[in-house]
Amino acid sequence: MSQQTSSQRRSLLQGLAAGCGLALAPRGFSRQAENGMADLIVRNARITTLDPKQPEAAAMAVRDGLIAAVGDEAAIMKLKGDSTKLIDAGGRRLIPGLNDSHIHLIRGGLNYNMELRWDGVRSLADAMAMLKAQVARTPAPQWVRVVGGFTEHQFREKRLPTLDEINQAAPDTPVFILRLYDRALLNRAALRAIGYGKDTPNPPGGLIERDKAGNPTGLLLAKPNALILYSALAAGPKLPPEYQVNSTRHFMRELNRLGVTSVIDAGGGFQNYPEDYQIIQQLHRDGELTLRIAYNLFTQNKGGELADFKRWTGMVKPGDGDAMLRHNGAGEMLVFSAADFEDFREPRPDLSGSLEGDLEPVVRLLAQQRWPFRIHATYDESITRILDVYEKVNKDVPFKGLHWFLDHAETISARNIERVRVLGGGVAIQHRMAYQGEDFVERYGAKAAQATPPVRQLLAAGVPVGAGTDATRVASYNPWVALYWLVTGRTIGGLPLYGENNLLEREQALRLYTEGSAWFSAEEERKGRLAIGRYADFALLSGDYLKVPEEQIKDLTSLLTVVGGRIVHGSGPFGPLAPALPRPMPDWSPVAHYGGYQGATLAQAQRVVQASHRHHGTTPCAVHGHAHAARHAAPTSDLQAFWGAVGCACFAF
């Protein structure tokens with residue numbers, strides 16, 4: 001094609017674009033800019049762009065992994081070439097890809113295939129049926145692990161299983177059940193595997209419950225330090241590297257299924273750098289990442305935190321990497337003396353008097369090295385002391401332009417919100433209260449819970465706010481539960497926490513989960529909106545988020561998820577477009593039988609429970625029929641039909 005013909009074609013396209021209210025990428029924007037062809041076009045969609053210049057559109061064109069044009073369908077279709085992939089959205093809602101600003105993806109991915117997820121399960125009976133079935137297929141010496149992401153308040157029975165029920169379900173296979181970061185339930189086989197006995201001492205900040213003879217019962221309590229919980233969990237078998245690669249791929253695909261395209265990894269306990277980052281780096285080298293990942297480094301050494309960060313600042317710089325995997329700075333643990341564990345069943349911990357002396361040299365080093373940093377801070381009392389240190393360091397080493405932020409901040413005060421604003425910081429919020437709201441109200445009262453955290457007040461003050469989950473242990477990784485919580489103010493158990501003064505409109509909540517979160521990895525110019533030149537990261541939803549009844553928000557999924565113009569997930573009518581994913585490894589993995597988050601649809605829940613309630617793996621229960629997974633009332637007047645306290649009567653066989 002001659003230069004003159006190319007120019008004429010471009011002039012024609014620009015005229016069409018202007019006449020139809022769309023914007024077109026500038027010349028030189030991609031390798032196909034000269035002929036105007038798109039790599040991918042989505043048409044017949046209801047697109048929420050979150051771009052104030054063009055809030056709604058019907059079609060969108062993608063070229064070289066970026067948004068090339070957004071607007072009227074007739075004009076967008078002019079960008080279709082012979083090799084353009086065309087997707088008919090069927091009138092469905094399309095949104096920017098969701099961005100979790102606080103998740104433990106890297107650690108979660110290494111373990112995902114080993115974990116039985118109770119996330120979203122609606123009754124304890126069904127959860128225990130899943131456990132019983134998984135015990136039957138798990139070979140020695142492996143464990144069955146239910147590692148957070150649930151609370152008893154989501155169950156119809158409103159309780160956890162008893163230790164007797166767990167031991168009856170699993171007399172020989174070790175079972176570890178983590179309830180948030182509050183407690184863990186271990187059967188006798190797990191106690192033997194770990195080596196807990198009469199002479200095992202309680203660790204600092206933890207309690208091993210004992211019977212009258214002094215023997216551990218299997219209940220481990222954080223009082224309030226969660227070290228006892230994750231150190232016990234760390235004693236279990238690990239997956240070999242090949243399986244960890246497979247496990248991480250499945251976890252990423254699970255997040256893609258929920259519309260997530262980007263995450264900021266907050267490090268985590270027992271997640272060492274660089275050793276525990278080898279799997280995610282291998283996936284990156286092999287081109288198998290399906291999420292954009294910005295990762296923070298979390299110190300593991302109490303008393304040696306400054307040494308950790310001195311070593312790391314000589315190894316890596318913020319921004320090192322590329323658009324799919326990049327370093328994002330320090331935290332969420334900066335120093336152990338500043339960690340205020342968020343177990344609302346326990347009184348607020350009084351932090352060590354050494355906090356200021358420990359924290360100041362670490363923050364000073366990070367500010368001097370221009371490392372962004374984040375810090376776990378639940379209570380306002382902790383935030384006050386942390387900000388005292390930050391203000392002191394800022395006088396000598398200005399934070400100006402440095403993206404630092406607090407994580408959680410459930411009880412932050414108006415005074416400290418203003419201090420954060422003046423220092424140029426942000427607040428990353430998570431839906432922990434959706435899982436712990438009942439505990440908070442019981443301890444502090446309903447009035448104290450009305451602004452936990454005060455999201456509307458933070459936004460009104462002009463403080464950057466990003467949304468996330470803090471998954472996989474203290475809450476589920478499902479972003480739609482978080483969006484439901486932001487919009488309704490309710491816990492997953494149905495308890496209303498907030499009044500109208502702390503609820504968000506649906507689009508406003510969505511903004512926190514897209515462009516809001518982008519600030520926290522300094523990518524606000526590339527993510528969060530569907531606008532020209534930004535990453536082509538988006539999700540086509542199973543229902544219209546802006547219109548479905550509130551209770552249906554938490555059950556939404558993505559039917560088609562795209563990252564950088566590449567399809568990374570498809571289901572339903574878009575299933576054939578999805579890239580192949582190998583079966584979960586090992587063969588006994590709970591993921592192979594149950595997948596991840598449960599209850600996205602009634603049909604999914606029924607399939608899971610029917611599979612769990614089969615006798616000898618073939619015959620479904622003849623007593624009840626077993627489609628009771630999601631929404632049936634428990635018939636407590638009929639003992640033969642009742643499945644509530646210990647699961648269905650057939651569960652023990």
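Asp439 and Arg179 form a salt bridge, with their closest N and O atoms 3.0 Å apart. A salt bridge here is a side-chain nitrogen of Lys or Arg within 4 Å of a carboxyl oxygen of Asp or Glu. Asp439 sits in helix H14 (residues 432–444) and Arg179 in strand E11 (residues 175–179), so the pair ties together parts that are 260 residues apart in sequence. The model is predicted: local features need pLDDT of at least 70, side-chain atom pairs count only at pLDDT 80 or more, and totals for chains, interfaces and linings use all residues. Residues are numbered from 1 along each chain as its sequence is written, and side-chain values use heavy atoms, with hydrogens and water left out.

- Asp439 and Arg179 are both buried. Buried means under 20% relative accessible area, exposed over 50%, and partly exposed in between (1.4 Å probe, protein chains only).
- Helices (H or I, at least four residues) and strands (E, at least two) are DSSP runs, numbered from the N terminus.
- A network of salt bridges links Glu152, Arg179, Asp182, Arg183, Arg345 and Asp439.

**Other salt bridges**

- The count by this rule is 41 salt bridges.
- Side chains of opposite charge can pair when their charged atoms come close.
- Glu165 and Arg159 meet through their side chains in a salt bridge (3.0 Å, N to O). Glu165 is buried, at 7% relative accessible area. Arg159 is partly exposed, at 22%.
- Arg364 and Glu360 also form a salt bridge between their side chains (2.9 Å, N to O). Both lie in helix H11 (residues 355–368), four residues apart, about one turn of the helix.
- Arg364 counts as buried because its relative accessible area is 19%. Glu360 counts as buried at 18%.

**Cavities**

- Five cavities of 30 Å³ or more are present in the structure. On a 1 Å grid over the protein atoms alone, a cavity is a set of points where a 1.4 Å probe fits but cannot get out. Grid points are joined across faces, edges and corners, and a volume is the space filled by probe spheres set on the points.
- The largest cavity has a volume of about 260 Å³. Of the 20 residues that line it, Tyr181, Tyr230, Phe298, Glu332 and His376 are the closest to its centre. Lining residues have an atom within 4 Å of a point.
- The lining of the largest cavity divides into eight nonpolar, six polar and six charged residues. Ala, Val, Leu, Ile, Met, Phe, Trp, Tyr, Cys and Pro count as nonpolar, Asp, Glu, Lys and Arg as charged, and the others, Gly among them, as polar.

Technical notes: 1 Å grid on protein atoms, 1.4 Å probe; cavity = no way out; pocket = protein on both sides within 12 Å on 5 of 7 lines; lining within 4 Å.
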